Amino acid sequence: MTPRAPIVLDSDPGIDDAVALQYLLGTGLWDLKAYTSVGGNLPAEQTYLNARALARAMRIDTDVPVHRGAGRPLTRLPYRVAADFHGPAGLGDEKLPDSTAAHPAESSAQTLLRLSREYEGELTVCATGPLTNVAIALLEDPGFARRVKKFVFMGGAARVPGNITPVAEFNMWADPDAAELVLSSGIPFTMVDLDASHRWLFRPADLAALEAAGPGTALAARLLRVYMEAYRGSGGDGTCPLHDPLAVGVCADESFVTLAEGAVIVESAAELTRGQTVFVPSAAGRIYYPESPALTARARLTGRVALGAGPRDFTKDFVTTLQLWPTVG
Ligand code: BDR
Ligand code: CA
């Protein structure tokens, strides 16, 4: 049997963050070393409480520490919360009990740093919220970038419109300075953006499958029902994208998406383009304005960027894998 690989999930739960955790556990592929929360969908204190409650509901709270994360973006005013999509406290209509685990003194960023040293060259970091914790870790110790094996994050819109402004995706917009710091650090990144997550939709038939699967997927079904309704309320067709679960999926199997190599520069200077992810493909075959300091300085700091769906059906894998990790509550 292949040993499970060390991973940290850095997250701002949030409905899709919540089911991303259940999916991660269901794969059986990962040794989850920590569940680090960050402010984003809700203020940091709430995402921390949600992460603790989810750890309890998923029966991992005695083994996996949950850490409190950054309470505001690096340089900006507090996060603009996304309660309209995730419910007033971030987990739909749920009122899940808190975990009885002790509150660790170590912050999310400190935990990321420590684990990058303990598992140097082996650790996968998957981020499904704003990149503030990861940026703080890099500010503290830039060597973090070369110690992690892989950094996969949900965020950005390479070639499609944004979801919080016409050009920006929510996680990048929420803390664009952090995102820019991370993507210019040399960290081996894979960007799982709206280009890919809007291609793997969770449909009413998938919800029916989870509802029929019994009590172990009842929490996920209730959460996803709220998420689907929120998307419908903002002009959707009754489906919802599987943003954060897809990032977790790509940590293990890149065939859920199609990837291209390139640099990503996050706009943070202007109001209207805040959080826009400018994708500069490595194989552009053309010279972009060579005097541009941004473009030339970033030419070698490339990563992998999802440009669409891949051959393997992610939604199908998600629905079956959730059933392998029954939750309580
Ligand atoms: C991202 O924004 C958040 O609201 C979701 O949890 C996801 O991480 C999608 O743009
Ligand atoms: Ca999220």
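Two strands are said to pair here if DSSP finds at least two bridges between them. Helices (H or I, at least four residues) and strands (E, at least two) are themselves DSSP runs, numbered from the N terminus.

1. **What you are looking at.** This is a predicted model, in which local features need pLDDT of at least 70 and side-chain atom pairs count only at pLDDT 80 or more, while totals for chains, interfaces and linings use all residues. Residues are numbered from 1 along each chain as its sequence is written, and chains are lettered from A and ligands numbered from 1 in the order in which they are written.

2. **Overall build.** The protein has 14 helices and 11 strands. Its radius of gyration is 18 Å, close to the 20 Å that the globule rule gives for 329 residues, so the protein is as compact as a globular protein of that length. (The radius is taken over C-alpha atoms, and the rule is 2.2 Å times the number of residues to the power 0.38.) The C-alpha trace spans about 60 × 45 × 45 Å along its principal axes.

3. Of the 329 residues, 54% are buried. A residue counts as buried if 20 or more other C-beta atoms lie within 10 Å of its own, exposed if 12 or fewer, and partly exposed in between, with C-beta atoms placed from the backbone. Two residues are in contact if their C-beta atoms, placed in that way, lie within 7 Å. Among contacts between residues at least 6 apart in sequence, 81% join residues at least 24 apart.

4. **The record.** UniProt, in an unreviewed entry, lists residues 7-280 as "domain: Inosine/uridine-preferring nucleoside hydrolase". Its positions are given in the numbering used here, feature names are shortened, and annotations may be inferred rather than shown by experiment. In the model, this span is 39% helix and 17% strand, and its end C-alpha atoms lie 28 Å apart.

5. **Around ligand 1.** Which residues come nearest to ligand 1? Of the 15 around it, they are Gly14, Asp16, Ala82, Phe170 and His243; a residue is near if its C-beta atom, placed from the backbone, lies within 6 Å. Helices H1 (15-27), H7 (170-174) and H12 (243-252) each supply at least two residues of this shell. By class, the shell has 4 nonpolar, 7 polar and 4 charged residues. Here Ala, Val, Leu, Ile, Met, Phe, Trp, Tyr, Cys and Pro count as nonpolar, Asp, Glu, Lys and Arg as charged, and the others, Gly among them, as polar. H12 is mostly covered, with 9 of its 10 residues buried, including His243 and Asp244.

6. E4 (residues 124-127) pairs with E5 in the parallel sense over 4 bridges, and Thr124 has Lys150 as its bridge partner in E5. E5 (residues 150-154) has 4 of its 5 residues buried, so this strand is largely enclosed by the rest of the structure. E5 also runs parallel to E6 (residues 189-192), again joined by 4 bridges, with Phe189 as the partner of Phe151. E11 and E9 pair in the antiparallel sense over 6 bridges, and Gly262 stands opposite Gly303.

7. Ile265 lies in E9 (residues 257-266) and is buried, with 20 other C-beta atoms within 10 Å. Beyond its neighbours within four places in sequence, Ile265 is in contact with Val278, Val280, Ala294 and Arg298.
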